[in-house]
Amino acid sequence: MNFDEMIERRGTHSVKWDAMDAVYGVPNDEGIAMWVADMDFRPPQSVQDALAKMAEYGVYGYYGDEGDYRAAICNWMKTRHNWEVKPEEIFTTHGLVNGTAMCVDAFTKPGDKIVLFTPVYHAFARVIEAADREVVECPLVVEAGKYKLDFAAYDAMMTGDETMLVFCSPHNPGGRVWSQEELQGVIDFAKRHDLILVSDEIHHDLVFPGATHIPMANVDDSVTDRLVMMTATTKTFNIAGSHSGNVIIRDEALRKRFSARMAAMGISPNSFGLFMAEAAYSEEGAAWLDALIAYLDENRRILDEGLNSIPGVKSMPMEATYLSWADFSGTGMEPAEYIERVQKDAKIAANHGITFGKGGEQYLRFNFATPRANIIEAVKRLKEAFSDLQ
């Protein structure tokens, strides 16, 4: 659990570290990668051991008998989230972007409108639009520095052509852990407008002290006939390259529809992802995660303190994820100017807020799941890039 270890990722086909120049004009050899949402840490030793065992065995055939894998998922959800999941409710997709796309394909038709509360994870809109559906952006409201939901405004926007809501819980990029009352509001909104509710909870394990994530499935049983849950080991344990995620559906009718589309698309999981997930959902994985949260919490403090020390910059208070959401509107600069300072002067690659939809135009998203030395250096560079504002 040496999260301070500097692991050289350049030249390893890492999107995060090898594509900075191509995407942002940040030199790969000098830049600090704070964009793609993966971590610069090794996963738990249990995961490494599982892969080593596979390599030692040396035969990479199809994975059969998912009993242990499904049991590991069910046990993790019960012990970490007090959520009862049955083995037959679990589908394994090639990550949760694929899971989202499969939900769009299974439960909507071309031309349908799909609701997003924006700004929100950019891949949602991408797969919705690629599937010839229309995105309906319902803007989140900033109150006391945090995102809030404005259901009265959203109700007024609905036309009756909407068929699905894709919800992000905890929220990416705002770092919100939604309250029981807010989650109930989401359920009531979905029921009022007869929407399938897809709850992406990929960051549910990455919650900081003082906040508690509530699975949407635990809020109100009356939503079961329209609820689809999505979780994964990949974000929690930094194994995103395994491209493995879980779509969990309790309602039998919804399961049949989803299963039919999975069969039609010929989708089945890869054995590496299943072995890694089972190994991650273990006592060793749990201990690793607890240590990770403590480490990320201090990284969060250092980065937020640095960002907030720049006049006109305000980092949104975070309750979850490892993605800081910083508002640059107070600098009085146009996005092109502060982006140039971050990319050209500080040589930091951060996600542009506009890609997350309406409401994100004045923000940048910074990934702080990296050794602390990188965070300290990033803060130093950012302060220097905006030193004329001091």
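## An exposed aspartate and a buried threonine

D132 is exposed, at a relative accessible area of 52% (exposed means over 50%, buried under 20%, partly exposed in between, using a 1.4 Å probe and protein chains only). This is a predicted model, so local features need pLDDT of at least 70 and side-chain atom pairs count only at pLDDT 80 or more, while totals for chains, interfaces and linings use all residues. Residues are numbered from 1 along each chain as its sequence is written, and side-chain values use heavy atoms, with hydrogens and water left out.

Back to D132: its phi is near 65°, a positive value in a residue other than glycine. D132 sits in the loop between α6 and β4 (134-139); helices (H or I, at least four residues) and strands (E, at least two) are DSSP runs, numbered from the N terminus. T321 also has a positive phi without being glycine, near 75°. T321 is buried, with a relative accessible area of 0%, and belongs to the loop between β11 and β12.

## Two cis peptide bonds

Most residues other than glycine have a negative phi, and most peptide bonds are trans. The bond joining T118 and P119 is cis, with omega at about 0°. P119 falls in the loop between β3 (113-118) and α6 (122-130). Another cis bond runs from N172 to P173, and there omega is near 25°. Look for P173 in the loop between β7 (162-168) and α8 (180-192).

## The five-stranded sheet

Now for an open sheet of five strands, ordered β1-β13-β14-β12-β11, with mixed pairing. Its edges are β1 (32-34) and β11 (314-315), each of which pairs on one side only. To count as paired, two strands need at least two bridges found by DSSP. β12 (residues 323-327) and β14 (residues 363-367) run antiparallel to each other over five bridges; A326 has L364 in β14 as its bridge partner.

Helix α14 (residues 372-385) packs on this sheet, touching β1, β13 (348-352) and β14. The direction of α14 makes about 100° with that of β1 (axes are lines fitted to C-alpha atoms, for helices over the stretch in contact, and angles run from 0 to 180 degrees between N-to-C directions).

## What's inside

A nonpolar core here is a set of buried Ala, Val, Leu, Ile, Met, Phe, Trp, Tyr and Cys residues joined through side-chain atoms within 4.5 Å. The largest one has 94 residues, and F117, L197 and F366 have the most contacts inside it. Helix α12 (residues 283-308) supplies the largest share of this core, 10 residues. Apart from that core lies another, of 28 residues, with F91, C103, A106 and I128 among them.

## The whole protein

Overall there are 14 helices and 14 strands. The radius of gyration is 21 Å, close to the 21 Å that the globule rule gives for 390 residues, so the protein is as compact as a globular protein of that length. That radius is taken over C-alpha atoms, and the rule is 2.2 Å times the number of residues to the power 0.38.

Along the principal axes, the C-alpha atoms fill a box of roughly 60 × 60 × 40 Å. Of the 390 residues, 57% are buried. Among contacts with a separation of 6 or more, 73% involve residues 24 or more positions apart.

Key: Contact = heavy atoms within 4.5 Å.
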